[in-house]
Amino acid sequence: MLVGYARTSTADQVAGLEAQRRDLSLAGVERVFEEQVSSVSQRAQLESALGFVRDGDTFVVTKLDRLARSTADLLAILDQLERKGVGLRILNFGGSEVDTKSPTGKLMLTMFGAMAQFEREMMLERQREGIQKAKREGKYKGRKPTVRNRKAEIEELRQQGLGATEIARQLNVGRASVYRVLSD
């Protein structure tokens, strides 16, 4: 059986999810598990899909970044699939398709996963260096505090007798942020 997994990072990415559904359907996928969560969040549908696949199945994703967040994550997923006798097929792997049922496909996937993680780590390092430089030059102030801009609203609700928990719920902010503003 061909079992697919589709994921976007946010609920706003409707077109991206629809495109994944379309590509998985065109590939002949019979069952699709999908979710709209960040790759660093708990991915319940991914876990369900990995639990669902059986010996002889092929697990299909449109792109590698829809599946794994790091090389370690990729290797753990590959190991789990391999132990179950399930292959992994990536429909768009740099313009071509890759299937881990072949030794070459498995090698390519592992190498490219490592390269992608390396590039991400290098990008984060460059970003940190840029932030440090901007801070030294006084150009980087960080993110503006958002809850402090709502101090008047928070104080008004407090005057109405509401507690911090209720204020936080009504304004859709963290309770600790409400306490911080009230203590200023």
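Q: Which residues of helix H1 are buried?
A: Buried means under 20% relative accessible area, exposed over 50%, and partly exposed in between (1.4 Å probe, protein chains only). In H1, the buried residues are Leu17, Gln20 and Leu24. They cover an arc of only 60° around the axis (taken from the directions from the helix axis to the C-beta atoms), which puts them on the same side of H1. Ala15, Ser25 and Leu26 are exposed, on the face of H1 turned away from its buried side.

Q: What kind of model is this, and how are residues counted?
A: This is a predicted model, in which local features need pLDDT of at least 70 and side-chain atom pairs count only at pLDDT 80 or more, while totals for chains, interfaces and linings use all residues. Residues are numbered from 1 along each chain as its sequence is written, and side-chain values use heavy atoms, with hydrogens and water left out.

Q: What span should H1 have?
A: Helices (H or I, at least four residues) and strands (E, at least two) are DSSP runs, numbered from the N terminus. The expected span of a helix is 1.5 Å times one less than its number of residues. H1 has 13 residues (residues 14-26), so it should span 18 Å, and its end C-alpha atoms are 18 Å apart, which agrees. Just after H1, Gly28 has a positive phi of about 90°.

Q: What do the buried residues of H1 pack against?
A: Contact means heavy atoms within 4.5 Å. The buried residues of H1 pack against E1, E2, E3 and strand E4 (87-93).

Q: Which strands pair with E3, and in what sense?
A: Two strands pair if DSSP finds at least two bridges between them. E3 pairs with E1 in the parallel sense over 3 bridges, and with E4 in the parallel sense over 4 bridges. Val60 in E3 stands opposite Gly4, and its bridge partner in E4 is Arg89.

Q: Which residues of E3 are buried, and on which side?
A: In a regular strand the side chains alternate between the two faces of the sheet. In E3, Thr58 and Val60 are buried on one side, and Phe59 and Val61 are buried on the other.

Q: What is the geometry of the pair formed by Phe33 and Phe52?
A: Phe33 and Phe52 form a tilted pair, 5.5 Å centre to centre with 55° between the planes. Phe33 lies in strand E2 (residues 31-36) and Phe52 in helix H2 (residues 44-52), 19 residues apart, so to read this pair is to read a link between distant parts of the chain. Phe33 counts as buried at 5% relative accessibility, whereas Phe52 is partly exposed at 25%.

Q: Which charged residues sit over the ring of Phe52?
A: A charge sits over a ring if NZ of Lys or CZ of Arg is within 6 Å of the ring centre and within 35 degrees of the ring normal. Arg31 lies over the face of Phe52, 4.8 Å from the ring centre. The charged end of Arg54 also sits over the Phe52 ring, 5.5 Å from its centre.

Q: Is Asp73 buried or exposed, and which residues does Asp73 touch?
A: Asp73, in helix H3 (residues 71-83), counts as buried at 13% relative accessibility. Leaving aside residues up to four places away in sequence, Asp73 touches Arg43, Leu67 and Ala68.

Q: Which residues of helix H7 are buried?
A: In H7 (residues 175-183), Ser177, Val178 and Val181 are buried. They cover an arc of only 100° around the axis, which puts them on the same side of H7. The face of H7 turned away from its buried side carries exposed Ala176 and Ser183. Helix H5 (151-159) and helix H6 (164-171) are among what covers the buried residues of H7.

Technical notes. Rings of Phe, Tyr and Trp (its six-membered ring) pair if their centres lie within 6.5 Å; planes under 30 degrees apart count as stacked, over 60 as edge-to-face and the rest as tilted.
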